Amino acid sequence: MISIAMFNNKGGVGKTTLTCNLAAYFSNEFRKRVLVVDCDPQCNATQLIMGEEFATEFYWNNQFAPPVTSIRDILQPIEDGDSQISFDIRPIISSKNRFNVDLIPGHPGFSIVEDRLGAAWHELLGGDIGGIRKNNWNTDFCKKLEDKYDIIFFDLGPSLGSINRSVLVGCNYFITPMGTDIFSILGVKNIADWITRWAELYENSISLSEQRNPGRLANYNINQTPKITNGYIGYTMQQYITKAKQGIRRPTSAYEKIITSVPNVINESLGSFFANGIDINTRLSG
């Protein structure tokens, strides 16, 4: 099983649309067992896959049959102060939605766990095993489901916060959807600086914990190093609407300049994170 996160700290670049349509493509065209996990408190992936009527029943009336666990339910033990997630994982099954994928719905209250995970990060920095375990909740989650699914897609919000960091700790790969604007490029640069910084701190904290508690981490499902540091797949780019002149649509120079600069920015910023065998000049689509 592989796990893939759609991630850019710039909003409005098509992360959710790409996540859901890629998931549907692998399910319908390649007959893969696919799970989408909505880790954005805005719940856009959940609404796209299930529709507005579901949102009213599930979030407002607390009704859906059969019973389903949201991402907040799964992390409720951590929110309550425990070191591991709930393994009572009950997704919405594929037959219940038009995308033909299983879904762990998001929850607006998921943002509340941000403080817990932020505190757990500071515990991790001191080599604390409990803090390391909390930040590896997604490692546990993926391990639990590795025999049930071929691919898990994680839809992340536009944040460089503790929720997204903890999701990425447990993922194999990530993709950066982008728009044709300067802020998408700046977002990629932010991602590179952010991942580089916390990945180094994470690895140092694992080493510190091993020194203080030899062999103890072996009792738990812990990533010794974040796999995404060697798991960048590439980027996608939204098309822009060309301007019409005398009935003919022509490229806009400002947008074309941005598009032309992206490969170099990707190479300089995220080139060191590319997965083995991936061409660093590869643009996935758009």
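I began at the end of helix H5: just after it, Gly127 takes a positive phi of about 80°. I noted that the model is a predicted one.

**Helix H5.** I looked up the helix itself next. H5 covers residues 113–125, which makes 13 residues. From the first C-alpha to the last it reaches 19 Å, close to the 18 Å expected at 1.5 Å a residue.

Which residues of H5 are buried? I listed Val113, Leu117, Ala120, Trp121 and Leu124. They cover an arc of only 110° around the axis, which puts them on the same side of H5. On the face turned away from the buried side of H5, I found the exposed residues Asp115 and His122.

What do the buried residues of H5 pack against? I wrote down five helices: H4 (71–79), H6 (129–135), H7 (137–145), H8 (162–169) and H9 (182–212).

Most residues other than glycine have a negative phi. Arg31 lies in the loop between helix H1 (15–29) and strand S2 (34–38). Cys43 lies in the loop between S2 and helix H2 (44–50). Are they buried or exposed? Arg31 counts as exposed because its relative accessibility is 65%, whereas Cys43 is buried, with a relative accessible area of 3%.

**Cysteines.** How many disulfides does the structure hold? I found zero. I checked Cys142 to see why. Its sulfur has its closest cysteine sulfur in Cys171, 5.8 Å away, which is too far for a bond; the cut-off for a disulfide is 2.5 Å. Cys171, likewise, is in no disulfide, and its nearest cysteine sulfur is that of Cys142. Both cysteines are buried: Cys142 has 6% relative accessibility and Cys171 has 0%.

**Whole chain.** I finished with the totals. The protein chain has ten helices and nine strands. Of its 286 residues, 50% are buried. Among contacts with a separation of 6 or more, 78% are between residues 24 or more positions apart. The chain exposes about 13300 Å², and carbon and sulfur atoms supply 48% of that area.

Conventions. Residues are numbered from 1 along each chain as its sequence is written. This is a predicted model: local features need pLDDT of at least 70, side-chain atom pairs count only at pLDDT 80 or more; totals for chains, interfaces and linings use all residues. Side-chain values use heavy atoms; hydrogens and water are left out. Buried means under 20% relative accessible area, exposed over 50%, partly exposed in between (1.4 Å probe, protein chains only). Helices (H or I, at least four residues) and strands (E, at least two) are DSSP runs, numbered from the N terminus. The expected span of a helix is 1.5 Å times one less than its number of residues. The arc is that of the directions from the helix axis to the C-beta atoms. Contact means heavy atoms within 4.5 Å. Accessible areas come from the Shrake-Rupley method with a 1.4 Å probe; for residues, only the protein chains shown count as cover.
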